[in-house]
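Hi,

Here is the structure I promised to pass on.

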Amino acid sequence: FRELLDTVSSNFADGKALDVGCATGACLSVLVEKRFTVHGVDVNDYAVGIARQNVPKAKILNDTVENAGYPDGMFNLIVLSDVIEHVRDPKTFLTLVTGLLAPEGRVLVLTPDIGALSRKLMGRHWPHIKPEHLVLFSRRSLKQIMADSGLAIEEIRSFRKPLSPEYTAKQLQIYPIPFLSVLVRWSRKLLPDFLAGIIFRMPMGEMLAIGRKVR
């Protein structure tokens with residue numbers, strides 16, 4: 001999240017930020033570091049409880065952003081990290097989010113890119129094909145829906161996901177991929193524990209888009 005937010009946070013001094021789908025508060029904690037007035041919203045009550053403990057300076061709601069009651073124009077920055085692909089009506093959702101932005105405010109979107117090389121190579125075994133991912137975007141379709149929602153695209157690019165051997169092994173246990181899951185599981189067993197948390201970055205088929213409110 002530090003890498004993500006470094007791209008936009010310098011535009012705002014003491015601004016207000018909202019993390020939609022804030023989970024246990026990792027992004028919220030970085031926003032606090034960057035001196036935003038921080039708000040979060042998530043439907044998972046268990047995760048919200050952890051986030052409130054981890055980031056006491058944040059104002060966190062256990063609800064949807066649609067029901068949160070935030071006034072229009074409240075936020076300088078809104079983060080949608082691994083969120084929009086879970087939404088049944090992404091255009092209506094993104095239009096609502098844009099309305100919550102102050103003039104010249106930014107929205108940061110991190111989501112799978114169905115046009116990524118990893119998708120073409122892995123086919124139906126691509127790890128982003130999950131029942132909970134209701135809509136998957138290409139760069140072209142994401143640009144279009146952001147423009148239709150009142151956002152000017154400032155940047156769109158691939159994003160290399162930070163991973164560790166421990167995290168990768170757990171994810172491939174939950175979402176198995178033939179051969180690869182077995183290979184990673186045995187590799188993790190052979191790896192010394194002190195190396196299991198080492199962070200490396202891999203192109204896993206995700207894209208980052210930054211939009212600026214223009215209307």
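**Salt bridges and overall build**

Glu104 is partly exposed, with a relative accessible area of 41%. Keep in mind that this is a predicted model.

What does Glu104 pair with? Its side chain meets that of Arg212 in a salt bridge, at 3.3 Å from N to O. Arg212 lies in strand E7 (residues 200-213) and Glu104 in strand E5 (residues 101-112), so the pair ties together parts that are 108 residues apart in sequence. Arg212 is partly exposed too, at a relative accessible area of 22%.

Then there's Arg106, which forms a salt bridge with Glu154, with 2.9 Å between the closest N and O atoms. Here strand E5 holds Arg106 and strand E6 (residues 151-163) holds Glu154, so this pair ties together parts 48 residues apart in sequence. Arg106 is buried, with a relative accessible area of 11%, whereas Glu154 is partly exposed at 39%. Put together, Glu104, Arg106, Glu154 and Arg212 are linked in a network of salt bridges.

Arg157 and Glu155 also meet through their side chains, at 2.5 Å from N to O. The total count is seven salt bridges.

As for the whole chain, you'll find eight helices and seven strands. Its radius of gyration is 18 Å, close to the 17 Å that the globule rule gives for 215 residues, so the chain is as compact as a globular protein of that length. Buried residues account for 44% of the 215. Of the contacts between residues at least 6 apart in sequence, 72% join residues at least 24 apart.

Cheers

Conventions
Residues are numbered from 1 along each chain as its sequence is written. This is a predicted model: local features need pLDDT of at least 70, side-chain atom pairs count only at pLDDT 80 or more; totals for chains, interfaces and linings use all residues. Side-chain values use heavy atoms; hydrogens and water are left out. Helices (H or I, at least four residues) and strands (E, at least two) are DSSP runs, numbered from the N terminus. The radius of gyration is taken over C-alpha atoms; the globule rule is 2.2 Å times the number of residues to the power 0.38. Buried means under 20% relative accessible area, exposed over 50%, partly exposed in between (1.4 Å probe, protein chains only). Contact means heavy atoms within 4.5 Å. A salt bridge is a side-chain nitrogen of Lys or Arg within 4 Å of a carboxyl oxygen of Asp or Glu.
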